[in-house]
Amino acid sequence: MKSPSKSCELDPVSTSMIKQNIDIFVPYITKLVNESLSSGCFPDSLKVSYIRPLIKKPNLDKEIFKNYRPVANLKYLGKVIERVVSSRISDHIHTFNLSDVFQSAYKPFHGTEAALVRVSNDILSAMDNGNLTALVLLDLSAAFDTVDHNILLSRLQNHLGIEDTALAWCKSYLYNRTQHVCIGTAISDPVVLNYSVPQGSVLGPQWFTLYTLPIRDIILKFNLNYHVYADDTQLYITFKSSQENANASIARLEKCIQEIRRWTQQNFLKLNDDKTEFLLFGSRQQLTKVSVPYISIGDARIAPSLKARNLGVIFDSSMTLQPHINNIVRLSSYHIRNIGKIRKYLDKSATEKVIHAFVTSRLDNGNALLYSLPNNQISRLQRLQNTAARIVTLSRKSCSITPILKQLHWLPISQRIIFKLMLIVHKALNGKAPHYISELLQVYTPSRNLRSSSMLLLIEPKSRHSWGDRSFSSAAPRIWNSLPLNLRSCLCTAKFKSLLKTYLMSQVFND
C-alpha cells in the first residue's frame, strides 16, 4: 500500500486498482513473493522494463543524449518483491553495522538535509577557528549503467555475507534483464542488459551504494573528511591559512582523487570531470593568505568556483548562502506570478496546495542552513511568503500580514528555520537521526546531583565569530535549551512537532 500509485505499461492491472481491491489480491501476491524467495528465483517476466528517457533539467539541450536520465518502468509485482528483499537487507546491514556512516542515501532517517547540515557545520566551525576548507564535489558518469554484476555479487557475498538461496536470488534478479526504449508510441526491440542496476528500481540504488563502498576505505587512508549521497561524493579537508598548509592539503586531496580514479576504472565506473567542482571556504581575510589556482583531477585542472550546487543547496566560498537565497527568490517569484494569474480559477484550498508545492517546498528545502543569516536576507524570503499568503487569502497588499499568517496557521520564515533545527535535534536525541548528527550534540550531565540534571539540557559550545554561531553544533543546543521543559521532554515526534509549532506560533502572534 505504501508503493507509489503510478503504473507501468507492462502491468495487466493498474496499481490503483490493486490498492482498491487489496483484500482480493494480497493472498496471491504473498504466495508469489514467498515462492520467489524460497526458490531463489526472480521471475523472468518481471525483469522486463520500459525506458522513457527523461530530461534531467528543463534548461538542458534536448539534442544531447547524456542530458537524459534512463528511468526504468518496472512491473508492480516485481517492485513488491524488491521491497521485501530491500527491507531484509537493510535490517541485516543495520543489525551488524555494515553501512558507511557518512553515506546518506536510501537509509532510514537519512537525507540530503542531514548531510548538508553536517558538511556546513564542519565548514562553519573551521571558519570560526580561522581555518580554510577545500571541498571537491565528485560526480560519477552514468554510474548505475556500468555496474558489473560479478563485482556486485562479490560485494554482496563478501561484505554482507549473503550466501546460498539468498545469493542465488540476487543472481537471478541481476541476470537476463531486458529493456525496451520508448519514445512517443515507438517501442524498440528488447536489449539484454549485461551490466547495470535499473534506475527506477527499489534495489538498484541500495546495491549501488554497496558497490561503491570501497571508496570509503580510500578516503579514510588519506585522512580526509567526506560525505556520500548515492553517486555524489564530497571530499573536504580543513587546514590553517598558510601557503605551506594549503599546498600540503591540496596535494593530499589530489592523491586521494587519483586513487579513487584508479579504483573506478578497475570497477567499470568513471568520474565525470565536467561536473567535478572545487570550492575553497574561508573568510575574505583568510582567503587572501593563500593561493590555490587549481586542483588537478586526471588531465583536467579545476579552478576554484565562487559557488556550486551541493545536494540542492548552492554553497559559496564565504558561506553567506546569498546565491542560494537568490535562486530561491528567482524560482519562487516565477511560480508566484503564474499562480497569481490563475488564482481566479482556483478555490482557497487548491491554491494553498499549489503554493505549498511550488513555493513553500523551496522555502523549506535546506532551511536548517539559514539560521542566523542577516535580516536583509531572511526578509527577502519573508516577502515571498507574505505574497503567497495574500494570493491564497485574496488579500490586498495594504493589509497587515500578521493576521493573514495567523489565519493560515503559517509560521514566518525565521520560525520555520527554528522549527526545522529543533526537529532535527529532537530526532537526534531520540535515535531518529544519523549518527553524524547525533555526535554533534552533547547532553549536559553535571558531576553532582543538581536540579539542572533533570532539565534535559545540551552543552553549548563557545564560538568566536558569527560563523560559529551559525554552525549546528553551536546554534542547535542554544535554541534547544531555550525551549520549555515540556517540549524538551516530549518523546513522540508527532506530538513534539505539534507542541513546537504551537509554542512558536504563540511567540510570534502573542497568543
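Analyst: Let us begin with accessibility. Q507 has a relative accessible area of 48% and is partly exposed, a class lying between buried (under 20%) and exposed (over 50%), with a 1.4 Å probe and protein chains only. Q507 belongs to helix α20, residues 493–509; helices (H or I, at least four residues) and strands (E, at least two) are DSSP runs numbered from the N terminus. The model is predicted, with local features requiring pLDDT of at least 70 and side-chain atom pairs pLDDT 80 or more, whereas totals for chains, interfaces and linings use all residues. Residues are numbered from 1 along each chain as its sequence is written, and side-chain values use heavy atoms, without hydrogens and water.

User: How far apart are Q507 and H227 in sequence and in space?

Analyst: The two are separated by 280 residues in sequence, and their C-alpha atoms are 37 Å apart.

User: Is S283 buried or exposed?

Analyst: S283 is buried, at 11% relative accessible area. It is placed in the loop between β11 (277–281) and α10 (284–287). Leaving aside residues up to four places away in sequence, S283 touches M127 and W467, where contact means heavy atoms within 4.5 Å.

User: How many disulfides does the structure hold?

Analyst: A disulfide is a pair of cysteine sulfur atoms within 2.5 Å, and the structure holds zero. For C170, the closest cysteine sulfur is that of C41, and the 13 Å between them is too far for a bond. C170 is buried, at 2% relative accessibility, and C256 is also buried, at 0%.

User: What space lies in the largest pocket?

Analyst: On a 1 Å grid over the protein atoms alone, a pocket is an open set of points with protein on both sides within 12 Å along at least five of seven lines, a cavity is a set where a 1.4 Å probe fits but cannot get out, and lining residues have an atom within 4 Å of a point. Points are joined across faces, edges and corners, and a volume is the space filled by probe spheres set on them. Here the largest pocket holds about 2,000 Å³. Its lining has 48 residues, with K56, K57, R69, D139 and K275 nearest the centre. Elements giving two or more residues to this lining include β5 (131–139), β10 (232–240) and α11 (322–342). By class, 20 lining residues are nonpolar, twelve polar and 16 charged; Ala, Val, Leu, Ile, Met, Phe, Trp, Tyr, Cys and Pro count as nonpolar, Asp, Glu, Lys and Arg as charged, and the others, Gly among them, as polar.

User: Which residues are closest to the centre of the second largest pocket?

Analyst: That pocket holds about 750 Å³. Of its 33 lining residues, I93, H94, S99, K107 and H110 are closest to the centre. Helix α3 gives the most to this lining, five residues. The lining comprises 15 nonpolar, 13 polar and five charged residues.

User: How many cavities of 30 Å³ or more does the structure hold?

Analyst: There are two. The largest cavity has a volume of about 90 Å³. Among its 14 lining residues, S120, A368, L369, R470 and F472 are closest to the centre. Helix α4 supplies the largest share of this lining, four residues. The second largest cavity holds about 40 Å³ and is lined by L138, L140, I215, D231, T233, I260, T264 and L271. Its lining divides into five nonpolar residues, two polar and one charged.
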